[in-house]
Amino acid sequence: MTPLLETRSLSKTFGGLKAVQNVDLRIEANRIVSVIGPNGAGKTTFFNCLSGIYRPDGGSILLEGRDITGRPPHQVCQLGLSRTFQNIRLFPEMTVLENVLVAQFQHRSLSPLPLLLHSPHFCAQEKQSRDDALGFLDFVGLAQYADTLSSSLAYGLQRRLEIARALATRPRLLLLDEPAAGMNPQETIDMVRLISSIRDRGLAILLIEHDMKVVMTISDDILVLDHGVPIAHGAPDHVRKDPQVIKAYLGEEISN
Amino acid sequence: MLTRWRPYLLGLLGLATITFPFLWLQLAPDFAKNTVGVTWTPSHALNFFGDLSTVFVVALLIWLGNLGNRHFGWGRALARNSVWQKADHLWTDYWAWLIVPLLFLIIPLNFRSIGFVSTSTLGLLTFAGLYMILAVGLNITVGMTGLLVLGYAGFYAFGAYLFALTQQYIYFPWWMAAPLAFIFGGGAGYLLGLPCLRLRGDYLAIVTLGFAEAFRELMRNLDFAGGDKGIVLKDNSIFQGCAGLTNSQVCFAVTAFALVATVFLVQRLFYSPVGRAWIAIRENEVAAAAVGVPVVQMKLLAFSLSAAIAAVAGVIYGAKDGFVSPAMCEFQQSIMVLAMVILGGLGNSYGALFGAGLLYLVPEYLKVLPSAIQNNDALAAIVPSFIRDSFQHLSDYRWLLFGAVMVIMMLYRPQGLLGSSRRKTEMLHR
């Protein structure tokens, strides 16, 4: 069976810096895979390559068997891969609802005549979009904030909005870049719950996270990067005991 | 409810305040003495208020209809399966947006006052209308999509020259030229945008600035384009009086129609996935691309549409004056339109209309005010001469004044006079 996402020796360099080197990863449908590693390990670069923001220098990315290497971000998104950002990137001057509405662009017909004349079909679509968007907001628990400006949301809620917006593109694979960063323990627990319920909707999730509790609880599979090189890959229990991982995180002396 | 209608009412009131002095002032140029005489015609003003009241009645009806639809379900009983029902009473807002252009159309063309509006006043209002079209067009790119354009007048001149050059060789009246200018203007915008919209940053500003300057120099130096003297258009291609309307009345009506059509087009796009994509690109380009918005295509669409609208305005200008010259795309013109958009409110068509009306008509008003005071005995007795003279000075130094106003705007109200009402309306549409 073809995996949902497969990378084959994916590499990206910036000048002399090898940010990501020969990463091989397979993600099956309906799994949660985490990417961990110390700061500067190339995790976000890896995400940027997958989502089309960077063009990888080597290797290939296959989404459901289809080569998406080097495609522009909007095409990657249309093919079923959506993401959130480590430094939240919302549309600050738009309301919470509008932020989600934007994400339905690819699912809307844009024939000019119905759009300009407001044909019944167009109006029905518009209404459907709104209802769907409200559905996604309800799912992440933001329905009551639909009319608020997204920039005036609390930090934790902004992260949730980014997830709702990513879900509204109707992806099969969701990339979450540090969804629990900067959250208090209760918010982190809620976020873990949210991530599990996204999986329950039938999506696969690729996760970057620094909070080890989160990673160890929900991951089916963990990929550890250090200086852009994959140093371990496997189930949480396996990765936790891996000497190379301990070395990468804690340094040479202590692990000895 | 009041909050929702406040921008509309504010705009109406503002525009009415700016325009109505022109309707009760009659300009009478005296070429022998090289002065412009101005007479007060209060009876016209009364007619004007009569006309204005009809517009307010229309606005009131729309408002009541909206209210009734919302609270008592009038619309639902009236048309259970119609478009309006499915549109979720979106339509009343769209039509409210059209009130200002309609107002602009109705007043001077209204049967009671049409005879009173002088040719020179109509000329002024037509120019105001042209600037409004340009401002609304530029607002798509600068306000909604967030791309700076510094040479917008280049496309204005492009449309005018396309019209003027073609009609020299074949029968090519304005009504044929306008749709073609829309297509070719859009095409020119597309080609110009193609190389620079793929890049991030303000390359478009430089490229359009260069385009406008290069186009002007080209037209100045081409013999068949008339050089500095420009082109005088043939009579059979420009506006002619018909159906009991004079030349300038036809000209005004066409401008008003073009303005309504432009606002309609832009507003429909704005409240659609396309408009949302434009705003998203302005707010965060990377995030817009990441949620599936084809950023380059949407930018190109916005810019081509802007260019197309400017080209049509150029054709109307040519058909109005019967004369086209390289002065049309001077840098000052582009900056003037940009200032209108910024003053009115970036990203808000309504603000662009307001800004254009304000920046074009106020200086014109200041120009005639001193002589108007002088010609009226009662006013001349009341108003001290130094105040009268200060109006004259204000008019002389209006560019300086614009500069000061723009700086103050940027400091204290960067979102423009009307700002963006999008949020509010989007909220209430649910």
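Does A:P179 count as buried or exposed, and how many C-beta neighbours does A:P179 have inside 10 Å? The model in which this is asked is a predicted one, where local features need pLDDT of at least 70, side-chain atom pairs count only at pLDDT 80 or more, and totals for chains, interfaces and linings use all residues. Residues are numbered from 1 along each chain as its sequence is written, while chains are lettered from A and ligands numbered from 1 in the order in which they are written.

A:P179 counts as buried because 25 C-beta neighbours lie inside 10 Å; the term requires 20 or more other C-beta atoms within 10 Å of the residue's own, whereas 12 or fewer make a residue exposed and values in between partly exposed, with C-beta atoms placed from the backbone. This proline sits in the loop that joins strand 7 (173-177) to helix 7 of chain A, helices (H or I, at least four residues) and strands (E, at least two) being DSSP runs numbered from the N terminus. Apart from neighbours within four places in sequence, A:P179 is in contact with A:T84, A:R159, A:I163, A:M191 and A:I195, a contact being a pair of residues whose C-beta atoms, placed from the backbone, lie within 7 Å. Between the C-alpha atoms of A:P179 and A:I163, which are 16 residues apart along the chain, the separation is 8.6 Å.

A:I163 leads on to a helix pair. In helix 6 of chain A, A:R160, A:I163, A:A164, A:L167 and A:A168 meet A:A133, A:F136, A:L137, A:F139 and A:V140 of helix 5 of chain A. By class, this contact has nine nonpolar, no polar and one charged residues (Ala, Val, Leu, Ile, Met, Phe, Trp, Tyr, Cys and Pro count as nonpolar, Asp, Glu, Lys and Arg as charged, and the others, Gly among them, as polar).

At the level of domains, whose bounds come from an automatic or database assignment, chain A is divided into domain 1 (1-80 + 171-256) and domain 2 (92-170). Nine residues of domain 1 of chain A are in contact with nine residues of domain 2 of chain A, and on the domain 1 side helix 2 (73-78) and helix 7 (185-200) of chain A each supply at least two residues. That side divides into six nonpolar, two polar and one charged residues.

Between the chains, 29 residues of chain B are in contact with 36 residues of chain A. The largest share of the chain B side, seven residues, comes from helix 12 of chain B.

Note on methods. Two residues are in contact if their C-beta atoms, placed from the backbone, lie within 7 Å.
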